[in-house]
Amino acid sequence: MSPADVRLSVIRNDVLRDWTEVRRQAERAGSVDPARGGPEAAFVALALDHSYQALEQILLGVERALFLPERTGDRWHRALLADATRELPGIRPIVVPTEVERDWEHLLGFRHFLRHAYAAELDPARLAKNVDRLRKAVAATEPLMMALLGALAPAA
């Protein structure tokens, strides 16, 4: 196995690990009713947070692997997501479908809210809406992630 194949394998394993976590957390988020009470709402909220975090790890990892410039500024999270919906010709394909960019964006916004609104009550209806967004976004993003994983497979 060449050094390039080893590098591809490491990147592929990282993407696979993180995409598996996106899906696992999406399943967890949908496994309980946030309207049942505070613990259930907190469980759903953390699963939503962790799911988006795993997606962002994929996006960052792909950029690092391609030696793209490090993100800076106060809106870098949003720019990272927006750029993932665009092909970089000759560098990488689209990673996030444009039709679910807004769903992922809402989840990014929710993650920001969750991490900074310490004393806020969690609204079960909003949590349920975000679970629906996550399900839709994961389903639409899955084929692109599988294509990315296939492209990262070392040559036989």
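1. Basis. The model is predicted, so local features need pLDDT of at least 70 and side-chain atom pairs count only at pLDDT 80 or more, while totals for chains, interfaces and linings use all residues. Residues are numbered from 1 along each chain as its sequence is written, and side-chain values use heavy atoms, with hydrogens and water left out.

2. Confidence. The protein chain has a mean pLDDT (the predictor's confidence in each residue, from 0 to 100) of 94, and 99% of its residues reach 70 or more. Among the elements of the chain, the lowest mean, 93, belongs to helix α1 (residues 3-29), and the highest, 97, to helix α3 (residues 76-84). Helices here are DSSP runs of H or I with at least four residues, numbered from the N terminus. Where pLDDT is low, predicted coordinates should not be read in detail.

3. The whole structure contains two aromatic pairs. Rings of Phe, Tyr and Trp (its six-membered ring) pair if their centres lie within 6.5 Å; planes under 30 degrees apart are stacked, over 60 edge-to-face, and the rest tilted. Tyrosine 52 and tryptophan 104 form a tilted pair, at 6.1 Å centre to centre and 55° between the planes. Tyrosine 52 lies in helix α2 (residues 38-65) and tryptophan 104 in helix α4 (residues 101-116), so the pair ties together parts that are 52 residues apart in sequence. Tyrosine 52 is buried at 1% relative accessibility, and tryptophan 104 is buried at 0%. Buried means under 20% relative accessible area, exposed over 50%, and partly exposed in between (1.4 Å probe, protein chains only).

4. Aromatic pair within α4. Phenylalanine 110 and phenylalanine 113 also form a tilted pair, with 6.1 Å between centres and 40° between planes. These two residues are three apart in helix α4, so about one helical turn separates them. Phenylalanine 110 is buried, at 10% relative accessible area, whereas phenylalanine 113 is partly exposed, at 33%.

5. Aspartate 103. This residue is also placed in helix α4. Aspartate 103 is buried, with a relative accessible area of 10%. Leaving aside residues up to four places away in sequence, aspartate 103 touches Arg133, Lys136 and Ala137; contact means heavy atoms within 4.5 Å.

6. Phenylalanine 67. Most residues other than glycine have a negative phi. Phenylalanine 67 is not a glycine, yet has a positive phi of about 60°. Phenylalanine 67 sits in the loop between α2 and α3 and is exposed, at 67% relative accessibility.
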